[in-house]
Amino acid sequence: FCGKGEERRARAAMAQPADKKPPPQASFDVSVMGQIESAYFPGEDNIYCSFSIMKGSDWQVAAGMEQGITQVSSVPSGSPAKVVWNFPLELTLKSTNVYGWPQIVIEVHGTDFLNRDVVLGYGSVHLPTVAGMHTLKMRMFRPLSSSMFQSFFGWANANPPEYIDHKRPAMPTGREVTRVESKGVVTLKLNCVTRNMRQFGYSAPVHTAAAPHHF
């Protein structure tokens with residue numbers, strides 16, 4: 001009788017379905033936490049910046065701010081031409097495709113000799129593709145007028161050349177027809193975390209170098 005009972009239990013255990021595998025993830029995640037730390041613009045003071053995220057059609061913002069604006073900061077007395085914002089940046093995005101990897105687009109504003117708001121520079125950089133802590137040095141630039149007359153007219157009216165679409169610096173087309181000049185550097189410190197990248201066939205190395213990246 002005992003032998004038959006053990007046999008029934010063994011059969012019942014075999015008849016039970018095996019543990020189900022967890023369902024595949026619907027997307028991978030890229031999370032960025034850090035700050036827009038500072039800017040170096042010689043000869044400029046009382047400046048601020050606005051930022052926005054440029055991404056492909058397969059990407060979605062799961063959490064955080066997709067655009068924002070920092071406070072106005074001035075150069076401390078007796079220090080080099082560096083303003084400090086330390087503006088917090090926290091963002092989580094998800095996608096199923098790395099095409100259109102997100103970029104952060106920055107537009108720095110200042111004032112002219114009549115205290116009128118003007119654009120000092122544009123810049124863009126891809127968010128880190130490797131997990132870890134990153135220091136990004138973003139070189140800024142601004143468009144130039146096509147003639148001396150337009151340059152003087154824009155200076156007199158506080159209307160220097162600007163991009164109609166503020167995300168133009170992150171676009172791959174059309175930049176070759178624009179004359180620009182270098183103007184300052186913006187420093188970002190970002191900690192990147194990725195999740196489920198391997199399940200979609202992408203490697204997920206970890207960044208360990210401490211040297212800043214220059215763009």
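Analyst: A residue is called buried when its relative accessible area is under 20%, exposed when over 50%, and partly exposed in between, with a 1.4 Å probe and protein chains only. The model here is predicted, so that local features need pLDDT of at least 70 and side-chain atom pairs count only at pLDDT 80 or more, while totals for chains, interfaces and linings use all residues. Residues are numbered from 1 along each chain as its sequence is written, and side-chain values use heavy atoms, with hydrogens and water left out.

User: How do I read a salt bridge, and how many does the structure hold?

Analyst: A salt bridge is a side-chain nitrogen of Lys or Arg within 4 Å of a carboxyl oxygen of Asp or Glu. The structure holds six of them. In one, the side chains of R142 and E181 meet with 2.6 Å from N to O. This pair links distant parts of the chain, with R142 in strand β8 (residues 132-143) and E181 in strand β9, 39 residues apart; strands, like helices, are DSSP runs numbered from the N terminus (E for at least two residues, against H or I for at least four). R142 is partly exposed at 25% relative accessibility, and E181 is partly exposed at 28%.

User: Which residue does the side chain of D29 meet in a salt bridge, and is D29 buried or exposed?

Analyst: The side chain of D29 meets that of R195, at 2.4 Å from N to O. Since D29 lies in strand β1 (residues 28-40) and R195 in strand β9 (residues 180-195), the pair ties together parts that are 166 residues apart in sequence. D29 counts as buried, with 12% relative accessibility, whereas R195 is partly exposed, with a relative accessible area of 45%.

User: What does E66 form with K55, and where do the two residues lie?

Analyst: E66 and K55 form a salt bridge in which the closest N and O atoms are 2.7 Å apart. E66 is in the loop between β3 (60-64) and β4, and K55 is in the loop between β2 (48-54) and β3, so the pair ties together parts that are 11 residues apart in sequence. E66 is partly exposed, with a relative accessible area of 31%, and K55 counts as partly exposed at 26%.

User: How many residues has the largest nonpolar core, and which element gives the largest share of this core?

Analyst: A nonpolar core is a set of buried Ala, Val, Leu, Ile, Met, Phe, Trp, Tyr and Cys residues joined through side-chain atoms within 4.5 Å. The largest one here has 33 residues, and those with the most contacts inside it are I36, W85, I104, I106, V108, V186 and L188. At least two residues of this core come from each of β1, β2, β5, β6 (103-111), β7 (117-126), β8 and β9, and the largest share, six residues, comes from β5.

User: What is the place of T70, and which residues does T70 touch?

Analyst: T70 sits in the loop between β4 (67-69) and β5 (82-95) and is buried, with a relative accessible area of 7%. Not counting residues up to four places away in sequence, T70 touches Y48, C49, W85 and F87. T70 and F51, 19 residues apart in sequence, are 8.4 Å apart in space, C-alpha to C-alpha.

User: How many disulfides does a search of the whole structure find?

Analyst: A disulfide is a covalent bond between the sulfur atoms of two cysteines. The search counts pairs of cysteine sulfur atoms within 2.5 Å, and over the whole structure it finds zero disulfides. Among the cysteines, C49 is buried at 0% relative accessible area, and C192 is buried at 2%.

User: How many aromatic pairs are there?

Analyst: Rings of Phe, Tyr and Trp (its six-membered ring) pair if their centres lie within 6.5 Å, and planes under 30 degrees apart count as stacked, over 60 as edge-to-face and the rest as tilted. The structure holds six such pairs. One of them, Y122 with Y163, is edge-to-face, at 4.8 Å centre to centre and 70° between the planes. The pair links distant parts of the chain, 41 residues apart, with Y122 in strand β7 and Y163 in the loop between α2 (148-156) and β9. Y122 is buried at 1% relative accessible area, and Y163 counts as buried at 14%. One aromatic cluster is formed by F28, W59, W101, F200 and Y202.

Technical notes
Contact means heavy atoms within 4.5 Å.
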